[in-house]
Amino acid sequence: MKIRQASISDASSLKELSKHAITACYIGFMGEEMVNGYLSSGASDDEVDKHISNTFVAVDDSEVIMGYVVVIDGLVHIMMVSPEQQRKGIGARLLSFAETKIHNDNLKPTLETFETNTQAMSFYLKNGWSITRKESDPDFGFVRVFFDK
């Protein structure tokens, strides 16, 4: 596995990976209606298009994208790993890559997730991140949890 800068030609694969990961991992804590609404709105695809220049992909020897991370300044904005590739160390490698990139830019790494996303919460804590604050998100009805490292 290697991590490289994403290119415009990766956008279609990134959009499919996002839809697959969101469907597989988010319904449990967001509900099917909210997930389907988000995906059908095109917002997920828009995020890929908007942030392609800040995206780094984990690819196998055949250049198949297994996961990706979006880093904007000091923020780990999005991180997704294909559900079939989870628990193989890809997420940890992407997160470490993002941390190094952020530190090299002399910034402090931060990220956020929903409190009900217990899989992400556990993952970030296991990888040495600390919760800095929590706040209610009235738009979604969730509690956002902010981390730094």
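UniProt positions are given here in the numbering of this structure, with feature names shortened, and annotations may be inferred rather than shown by experiment. On that basis, the unreviewed UniProt entry carries the annotation "domain: N-acetyltransferase" over residues 1–149. The model is predicted: local features need pLDDT of at least 70, side-chain atom pairs count only at pLDDT 80 or more, and totals for chains, interfaces and linings use all residues. Residues are numbered from 1 along each chain as its sequence is written, and side-chain values use heavy atoms, with hydrogens and water left out.

**Fold content**

- Over residues 1–149, the chain is 42% helix and 30% strand, where helices (H or I, at least four residues) and strands (E, at least two) are DSSP runs numbered from the N terminus.
- The end C-alpha atoms of residues 1–149 are 25 Å apart.

**Pocket and cavity**

- Both terms rest on a 1 Å grid over the protein atoms alone: a cavity is a set of points where a 1.4 Å probe fits but cannot get out, a pocket is an open set with protein on both sides within 12 Å along at least five of seven lines, and lining residues have an atom within 4 Å of a point.
- Grid points are joined across faces, edges and corners, and a volume is the space filled by probe spheres set on the points.
- The largest pocket has a volume of about 1200 Å³.
- This pocket is lined by 43 residues, of which Tyr26, Met79, Met80, Asn117 and Tyr124 are the closest to its centre.
- Elements giving two or more residues to the pocket lining include helix H1 (11–30), helix H2 (32–41), strand E5 (110–114) and helix H5 (118–126).
- The pocket lining divides into 25 nonpolar, 12 polar and 6 charged residues, with Ala, Val, Leu, Ile, Met, Phe, Trp, Tyr, Cys and Pro counted as nonpolar, Asp, Glu, Lys and Arg as charged, and the others, Gly among them, as polar.
- The structure holds 1 cavity of 30 Å³ or more, and the volume of the largest cavity is about 30 Å³.
- Leu14, Glu47, Val48, Thr55, Tyr68, Val70 and Ile78 line the largest cavity; helix H3 (43–51) and strand E3 (65–72) are the elements that give two or more residues to this lining.
- By class, the cavity lining has 5 nonpolar residues, 1 polar and 1 charged.

**Salt bridges**

- The whole structure has 13 salt bridges, each a side-chain nitrogen of Lys or Arg within 4 Å of a carboxyl oxygen of Asp or Glu.
- Glu63 and Lys2 pair through their side chains (3.1 Å, N to O); Glu63 lies in the loop between strand E2 (55–59) and E3 and Lys2 in strand E1 (residues 2–5), so the bridge ties together parts 61 residues apart in sequence.
- Lys2, Arg4, Asp10 and Glu63 are linked in a network of salt bridges.
- Asp49 and Lys15 also form a salt bridge (3.0 Å, N to O), which links helix H3 to helix H1 across 34 residues.
- Asp49 is partly exposed at 42% relative accessibility, whereas Lys15 is buried at 18%; buried means under 20% relative accessible area, exposed over 50%, and partly exposed in between (1.4 Å probe, protein chains only).
- Glu135 forms a salt bridge with Arg133, their closest N and O atoms being 3.3 Å apart.

**Ser82**

- Ser82 sits in the loop between strand E4 (75–81) and helix H4 (90–104) and is buried, with a relative accessible area of 11%.
- Beyond its neighbours within four places in sequence, Ser82 is in contact (heavy atoms within 4.5 Å) with Leu17, His20 and Met66.
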